[in-house]
Amino acid sequence: MSQETLLEIKHMSKAFGDNQVLKDISLTVNKGEVVAIIGPSGSGKSTLLRCATLLETMDGGSMKYSGHPVCAAADGKGGASQYIEKNELKKMHKYFGLVFQNFNLFPHYSVLKNVVNPALINKVGTPQEIEATAKKLLDQFGLSEKYDAYPCELSGGQQQRVSIARALALKPGILFLDEPTSALDPELTAEVLKLLKELAREHITMIIVTHELGFAREVADRILFVEGGNIVDQGTPEELFNSKNQRVRDFIGKLSSH
């Protein structure tokens with residue numbers, strides 16, 4: 001059975017002024033895979049996600065979603081990225097959903113409206129279908145009592161679950177999560193990680209930037225260690241936690257001892 005490739009990145013690079021944040025990142029993600037990205041702060045993990053979700057533009061390299069080019073390198077390798085037309089680029093948003101670390105919910109919308117609205121804007125179904133999907137997700141995430149509540153009335157863990165429901169209501173091929181638990185206390189972190197484990201069991205394709213090594217080890221099919229704008233090491237959790245790379249071992253050792 002051939003695997004369906006949902007995302008293909010080749011030689012992605014990105015600089016902000018003189019700061020070369022991403023140097024040469026190549027990554028392929030197949031349907032149903034959970035990929036965790038770990039590494040020290042400032043290593044380029046969030047920028048990688050922002051480029052993949054079109055919040056930032058790549059300087060060099062190429063990227064495809066489900067075989068559709070988003071941008072191509074001028075020289076076919078790591079040269080300057082040339083993006084497709086703007087109206088075509090908009091269509092690429094249907095391939096992914098994004099969950100931020102600080103939820104980014106609309107404070108003046110109810111929980112249900114927060115989940116329904118992006119799906120309506122992106123026309124992922126009829127209004128009735130979208131509302132039914134939204135309610136089903138909120139029920140699944142233990143938020144059936146909260147349809148009419150506002151974000152300020154929810155705990156951080158509940159807000160993050162709404163934010164994950166909102167991303168999934170778009171029916172994306174890949175769900176990107178940028179440190180989804182970093183704004184939460186340990187108890188609420190456990191609550192959100194439990195939900196992500198359930199999604200992994202449902203074979204939802206995810207790319208997760210995280211500091212939660214135990215979670216990455218348990219849930220990810222593959223872990224990437226990013227430092228200095230490069231993928232320094234990658235492999236199954238087993239391979240990475242027994243890495244021969246001293247830098248990776250030091251990093252894992254330091255985080256695991258906390």
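This note covers the pockets and the cysteines of a predicted model.

1. Basis. Local features need pLDDT of at least 70 and side-chain atom pairs count only at pLDDT 80 or more, while totals for chains, interfaces and linings use all residues. Residues are numbered from 1 along each chain as its sequence is written, and side-chain values use heavy atoms, with hydrogens and water left out.

2. Largest pocket. A pocket here is an open set of points on a 1 Å grid over the protein atoms alone, where a 1.4 Å probe fits, with protein on both sides within 12 Å along at least five of seven lines; lining residues have an atom within 4 Å of a point. The largest pocket holds about 690 Å³, a volume being the space filled by probe spheres set on the points, joined across faces, edges and corners. It has 21 lining residues, of which His93, Phe96, Pro118, Asn122 and Leu170 are the closest to its centre.

3. Second largest pocket. Its space is about 180 Å³. Among the lining residues are Thr133, Lys136, Leu137 and Gln140. The lining comprises four nonpolar, two polar and three charged residues (nonpolar: Ala, Val, Leu, Ile, Met, Phe, Trp, Tyr, Cys and Pro; charged: Asp, Glu, Lys and Arg; polar: the others, Gly among them).

4. Cysteines. The count of disulfides (pairs of cysteine sulfur atoms within 2.5 Å) is zero. Cysteine 51 is in no disulfide, and the nearest cysteine sulfur, that of cysteine 71, is 8.9 Å away. Cysteine 51 is buried at a relative accessible area of 0%, and cysteine 71 is buried at 2% (buried: under 20% relative accessible area, 1.4 Å probe, protein chains only).

Note on methods. Buried < 20%, exposed > 50% of the residue type's maximum accessible area, 1.4 Å probe, protein only.
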